[in-house]
Amino acid sequence: MADSGHVGYNRPRYYKEVNLMDVTVIRHKRRKRAAFFVTPDGIELRIPARLPDRVVETILTEHAGWIEDRLAALPKCDILPADRLLLHGETFPLVKRDTETRFRFDGENFHCPAAWDESSLRKAHEAWLRERALAYVTNRAPHYERQLGVKASRIRIGHQKTRWGSCSSTGTISINVRLMLAPRDVMDYVIAHEWTHLVHFDHSKAFWSKLASVYPDVAGAMAWLKQHGHTLQIKKTN
């Protein structure tokens, strides 16, 4: 099932990609079995075109340990300085003061109590990001709902390990809080992707066509996530 290194290949005429965090799933029309490949850009799972998503999820889950080991061997992402935090693709200074009583952002700087340790800062940072993420997604959702003629039954913010987002059969959409660290247009791609699942609950050609009609630069956003997704870590400091 798993290959230990990069294997060169020529892409067939028909393919589509779905980014699942640090693993890129590529569907091939002529492929007969699933296989993992480690490339300079990360890990790829190449599968038959019609393999059900639930089977893909099972493969990823069963090989989670192998994936973690291979990812650990890949070049590490840059660690943010201790006095910087990431938001919407930009870094901002983190100011620690004895007079501060809470975690906050004033548009130019993040602030927190000087006495906080790394654990306290990480917890407060994630809580702040979750609150803002819910507000951001709730604000952007109507834009896509109007175009798609759908409405989510519920919006939730998670911290998934293998998904940037998900859509349940009951219409609940989950968005990964770490997307608040990515540029806004990349986060918008994931929002558009999941809301399109309310129209097509699959990754069929019809799904990708509909998604492209509401978010034109699908390839660009997917490429960004593939290249930079592993850097979206909540408060990784030196």
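Which residue takes a positive phi in the hairpin of β7 and β8? I opened this predicted model with that question.

**Entry 1: the hairpin and its strands**

I found Gly-107 with a positive phi near 100 degrees. The hairpin of β7 and β8 has 4 residues between its strands. I then looked up the pairing: strand β7, residues 104–105, runs antiparallel to β8, and 2 bridges join them. Arg-104 has His-111 of β8 as its bridge partner.

I next followed β8 to another neighbour. β6 and β8 run parallel and are joined by 4 bridges. Arg-97 stands opposite Pro-113, a residue of β8.

**Entry 2: overall counts**

I recorded 6 helices and 11 strands in the protein. Of its 238 residues, 47% count as buried. For the accessible surface I noted about 12600 Å², with 49% of that belonging to carbon and sulfur atoms. I also looked up the contacts between residues at least 6 apart in sequence: 49% of them join residues at least 24 apart.

**Entry 3: an open sheet**

I turned to the sheet with the strand order β9-β11-β10, an open sheet of 3 strands with mixed pairing. Why is one side of β9 and of β10 left without a neighbour in the sheet? I noted that β9 (154–158) and β10 (165–167) stand at the edges; each has a single partner strand, so one side of each has no neighbour there. On average, neighbouring strands of this sheet are turned by 15 degrees against each other, direction ignored.

I checked the pairing of β9 with strand β11, residues 172–176: the sense is parallel, over 5 bridges. Within this pair, Ile-157 stands opposite Ile-175 in β11. Helix α3, residues 118–148, packs on the sheet and touches β9 and β11. The direction of α3 makes about 145 degrees with that of β9. I also placed helix α4, residues 184–196, which lies across β9, β10 and β11 and runs at about 160 degrees to β11.

**Entry 4: nonpolar cores**

Which residues have the most contacts inside the largest nonpolar core? I listed Ile-175, Met-187, Tyr-189, Trp-195 and Leu-211, in a core of 48 residues. The elements giving two or more residues to this core are β5 (84–87), β6 (90–97), β8 (110–113), α3, β11, α4, α5 (205–214) and α6 (218–228). Its largest share, 10 residues, comes from α3.

I then examined Ile-175 by itself. Leaving aside residues up to four places away in sequence, Ile-175 touches a set of residues including Val-137, Ile-157, Trp-164, Met-187, Val-190 and Ile-191.

**Entry 5: cysteines**

How many disulfides does the structure hold? I found 0. Cys-112 has 0% relative accessibility and Cys-167 has a relative accessible area of 13%. Buried means under 20%, so Cys-112 counts as buried at its 0%, and Cys-167 is buried at its 13%.

Technical notes. Residues numbered from 1 in each chain as written. Predicted model: local features only at pLDDT ≥ 70, side-chain atom pairs only at ≥ 80, totals over all residues. Heavy atoms only, no water. Disulfide = S-S within 2.5 Å. Buried < 20%, exposed > 50% of the residue type's maximum accessible area, 1.4 Å probe, protein only. Contact = heavy atoms within 4.5 Å. Areas by Shrake-Rupley, 256 points an atom, 1.4 Å probe, with all protein chains shown as cover. Pairing = 2+ DSSP bridges. Axes fitted to C-alpha atoms, helices over the stretch in contact; angles between N-to-C directions. Core = buried A, V, L, I, M, F, W, Y, C linked by side-chain atoms within 4.5 Å.
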